[in-house]
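Please keep the structure open while you read.

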Amino acid sequence: MAFAAIAVLAVAALAAVPWLVDTPRVQTYLASSASQALGRPVKFESVSVTAFPWPAVALRGLEVAEDPRFGTAPFLRLDRAAVRLKIRPLLSGRVEFGELVLKSPVISLVHGADGRWNVASLGASREPAGPPRPSRGGGGAAGGGAIIASRIRITNGVIVYEDRGPGATGRYRVENFDLRVKGGQNPLAFEGSARVVPGDLKVTIADGTLAPAAGRPLFDAPVGARVTLDGKNVGTLAAAALGPSPTLDGALKATLKLTGQLGNPRAAGQVEVTPLNVSRVEPQCPEPRRRTLGLTGVKLDATWSEGKLVATPLATGVGKGTVTTAMTATLGTNAHADLRDLTVNSVPVEKILVDFLCQSYAVTGPLDLSAGALAFDARDPLGSLSGGGRLKIGPGQVVGSQALELMASVLRVGGAVSSLLGGQLPTNLGKAPLEYESIAGTYQITRGVATTRDLLFTSREIRMAVAGEYGLVTGRLNLDVTVNPGRGELRAKVTGTTASPSIRVQPSSLVGPIDPGRVERGLQDLLKQFR
């Protein structure tokens with residue numbers, strides 16, 4: 001009977017909640033307190049008090065105003081919210097708020113053309129709201145001057161991100177956004193989870209802390225957290241950040257430590273994408289023109305700060321070869337990467353030049369490369385490539401059709417001149433595939449134009465030295481070629497393009513004295529046959 005009596009009294013007390021709470025006063029208090037806390041006008045369509053299943057103030061049609069510099073649409077809107085009431089103070093005639101629950105809010109996150117964020121002004125109020133006056137009938141609107149609920153919980157929220165920078169097209173949605181904030185202390189403790197689309201990237205936040213200061217914007221508050229990223233495929237997320245080409249395909253896992261300020265956070269930790277496939281359409285390739293370069297995986301110790309990604313080191317692999325470097329990259333519309341201390345060991349170069357890029361000057365063989373620095377833009381990697389270093393390829397084969405044709409033309413012209421003047425060059429060169437022992441030398445690349453002064457091609461039959469320029473995208477040539485078949489040498493000037501080269505041979509010690517007119521006529525006749 002005692003338990004029954006207690007139950008009846010509890011039910012009766014809960015049923016009396018709507019009469020204990022001065023609803024209009026609570027509505028005014030909530031609106032003014034939220035506006036003071038956020039530094040933005042806050043309004044709701046209606047407020048009601050419910051007793052079951054838990055005493056709470058129900059808010060409908062809640063809206064938080066946007067910063068006027070970013071438009072008139074609400075910054076936050078939702079259909080339903082609830083502020084739970086603490087029972088013990090309620091039974092003594094006071095109203096104290098417990099947990100604030102925001103159900104399915106839609107939040108607009110905007111990065112303006114001037115670099116400002118629409119959330120940067122949140123919490124900028126400098127005058128805290130005072131406690132409301134007690135309501136008539138003994139029911140206080142709030143006790144102890146409480147301004148913020150002891151706990152805040154967001155469930156199934158949506159964040160819509162928009163970048164309004166020049167030429168920006170970035171637009172993302174964060175769905176299934178759940179956040180739990182424990183108030184009553186500074187710093188605040190929080191944890192949560194979300195899913196980023198496009199990309200289906202799962203984000204988990206743990207051990208979060210936020211230390212807002214009175215009168216300061218929320219963006220200035222120091223923040224700390226442990227963030228875990230897990231994505232089955234980064235393709236659509238990368239396309240939104242880098243553009244439609246090239247496309248990336250791979251699973252992402254990352255564990256990051258978040259520090260800094262809420263408006264300018266710094267994230268550091270380990271990131272891994274395995275495996276990573278890079279695809280793009282290469283017009284010069286035979287069908288299929290969409291080619292894919294498979295990397296064994298990408299691992300990096302990453303730091304993200306002020307819009308830059310720094311990876312020291314970054315490691316990946318192609319086939320059985322390895323690539324290591326230190327990278328600094330800026331993402332967005334004009335994504336750009338700078339590589340330092342680039343080292344390539346035993347990478348099968350045919351997977352890049354033959355299978356992926358379909359280069360007409362392609363060769364096969366293991367590539368070893370060391371570069372002080374390389375830089376390129378994501379939208380035009382070859383055309384924007386700049387840097388320098390030293391390379392060695394081989395042993396392998398020359399398989400690119402235009403490379404073979406050019407070498408054959410040089411050697412045939414040289415052979416014709418040599419035979420006219422009594423000399424002799426090997427007759428088995430320029431045939432597909434052409435085996436070689438090594439290709440080695442230093443290089444310098446400036447905006448897609450490669451320059452070398454000491455590139456040396458070595459095979460069992462000849463040594464060929466190359467100096468000059470080659471356009472990686474245009475195919476334009478300006479090369480001085482010296483062929484040494486073991487005795488004497490043959491010099492040639494190669495200009496034009498890879499598709500239509502022009503060759504001028506200048507025989508020297510290989511053939512001795514010559515008749516220039518006779519050689520010129522012979523070369524002209526021979527070149528007509530090649531074209």
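Buried means under 20% relative accessible area, exposed means over 50%, and partly exposed is in between (1.4 Å probe, protein chains only). By that rule, Phe457 is buried, with a relative accessible area of 7%.

A word on the ground rules. This is a predicted model, where local features need pLDDT of at least 70 and side-chain atom pairs count only at pLDDT 80 or more, while totals for chains, interfaces and linings use all residues. Residues are numbered from 1 along each chain as its sequence is written, and side-chain values use heavy atoms, with hydrogens and water left out.

**The chain as a whole**

The protein chain has eight helices and 28 strands; helices (H or I, at least four residues) and strands (E, at least two) are DSSP runs, numbered from the N terminus. Of its 531 residues, 44% are buried. The chain exposes about 27300 Å², with carbon and sulfur atoms supplying 57% of that area, as computed by the Shrake-Rupley method with a 1.4 Å probe. Taking contact as heavy atoms within 4.5 Å, 51% of the contacts between residues at least 6 apart in sequence join residues at least 24 apart.

**Aromatic pairs**

How many aromatic pairs does a search of the whole structure find? There are two. Rings of Phe, Tyr and Trp (its six-membered ring) pair if their centres lie within 6.5 Å; planes under 30 degrees apart count as stacked, over 60 as edge-to-face and the rest as tilted.

| Pair | Centre distance | Plane angle | Class |
|---|---|---|---|
| Trp117 and Tyr161 | 5.9 Å | 35° | tilted |
| Tyr436 and Phe457 | 5.6 Å | 40° | tilted |

Trp117 lies in the loop between strand E6 (106–111) and strand E7 (151–163), and Tyr161 in strand E7, so their pair ties together parts 44 residues apart in sequence. Trp117 is partly exposed at 25% relative accessibility, whereas Tyr161 is buried at 17%.

In the other pair, Tyr436 belongs to strand E22 (residues 434–436) and Phe457 to strand E24 (residues 449–458), so the parts tied together are 21 residues apart in sequence. Tyr436 is buried, at 5% relative accessibility.

**Around Phe219**

Phe219 sits in the loop between strand E10 (201–210) and strand E11 (223–231) and is buried, with a relative accessible area of 16%. Beyond its neighbours within four places in sequence, the contacts of Phe219 include Trp117, Val119 and Leu262. The C-alpha atoms of Phe219 and Asn264 are separated by 7.6 Å, although these residues are 45 apart along the chain.
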